[in-house]
Amino acid sequence: MLRFAYGCIPSVMSLYFANTLVRRAGLTPACILLSAGGLRFQKKRYTPAQVLPVFLKQFGPRFTGYNVLAGLSGSLPFSIPASGLMSFQALSQAYGIPLVISDDFSGAATVSELERHGAELFLTSMCDQIIREPLLGLPRHGCLNIHPSLLPEFRGVDSVFQAMLNGVSEIGTTLHRTTARIDAGDVLAQSALTRTATDSHLALTAKATVAGIALLKRHMETLERGETPDARPIDVSRARYPYRSWPAREELRRFHAQGNTFWRASDFRRILAFEDVLAA
């Protein structure tokens, strides 16, 4: 099997993605890179203690509370009993996956670790770092990203939020090449899914990201057959919904006024129980 590495910022969504990747899809990374050193926001890196007052001032309590809950639940070292969600540490121990903690995925030390683990492909999904050289040119089969939208629509920090805010009923997933420009690399595969009236931001993010695993698996199978995967360039100038960074206060107000919600207790229960969010 083609050797690949997976990189992300720890959160309940990236943890659910990693569990699905390994335990359902049978795709075991040669290593998992976990982004360390706090959250990147407005070109600065903040520790959890530092970012809390900044987020409260910028976004208010609901958005801040959601991000804190999602982040903490993905970072805790314990697992849910029985067949529930396994922590990154538990996945590492059970499946022999080395964990690499790094505040710079593209830095020399981390690139050396990827070389040591023989990564032929580097995958990101829910990653807060911009991938650059020398990492971009390192893996034999390149760097790929799973983005929760149908690119070129909704490039940026939180595509699911923007899709919900704009009342888009069909969202989706894109597997694309990673480039120095955010969410602008060639599209390798896409799939669409229909948003239901009860879908929260958490539920949609989980659905859209794990849907990309099937795209990744087909892509890897194509590579393993020695074939060249189809790819098409992204024309970002044709996007109806262009790149957006973090939500503005006014956007958050409209998001809630429209009846949208970031999460429900039932969403967290399903994810922590490791239920299949794509199942009917």
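Q: How much space lies in the second largest pocket?
A: The model is predicted. Rolling a probe the size of a water molecule over the atoms shows where empty space is left. For the second largest pocket, the space comes to about 160 Å³.

Q: Which helix supplies the largest share of the lining of the second largest pocket?
A: Residues lining this pocket include Thr 196, Lys 207, Asp 267, Arg 270 and Ile 271. At least two lining residues come from each of helix 7 (201–224) and helix 9 (265–272). The largest share, three residues, belongs to helix 9.

Q: How many residues of the lining of the second largest pocket are charged?
A: Among the lining residues are Asp 199, Arg 264 and Val 277. Sorted by class, the lining has three nonpolar and two polar residues, and the charged ones number five.

Q: Which residues of strand 6 point the other way from Leu 121 and Leu 123, and are they buried or exposed?
A: In a regular strand the side chains alternate between the two faces of the sheet. In strand 6 (residues 121–124), Leu 121 and Leu 123 point one way.

Q: Which residue in strand 6 is the bridge partner of Tyr 6?
A: Strand 1 (residues 4–8) runs parallel to strand 6, and four bridges join them. Within strand 6, Tyr 6 has as its bridge partner Leu 123.

Q: What is the bridge partner of Phe 122 in strand 7?
A: Strand 6 is also joined to strand 7 (residues 143–147) by three bridges, and these two strands run parallel. In strand 7, Phe 122 is partnered by Cys 143.

Conventions:
Residues numbered from 1 in each chain as written. Predicted model: local features only at pLDDT ≥ 70, side-chain atom pairs only at ≥ 80, totals over all residues. Heavy atoms only, no water. 1 Å grid on protein atoms, 1.4 Å probe; cavity = no way out; pocket = protein on both sides within 12 Å on 5 of 7 lines; lining within 4 Å. Points joined across faces, edges and corners; volume = space filled by probe spheres on them. Nonpolar A, V, L, I, M, F, W, Y, C, P; charged D, E, K, R; others polar. Buried < 20%, exposed > 50% of the residue type's maximum accessible area, 1.4 Å probe, protein only. Pairing = 2+ DSSP bridges.
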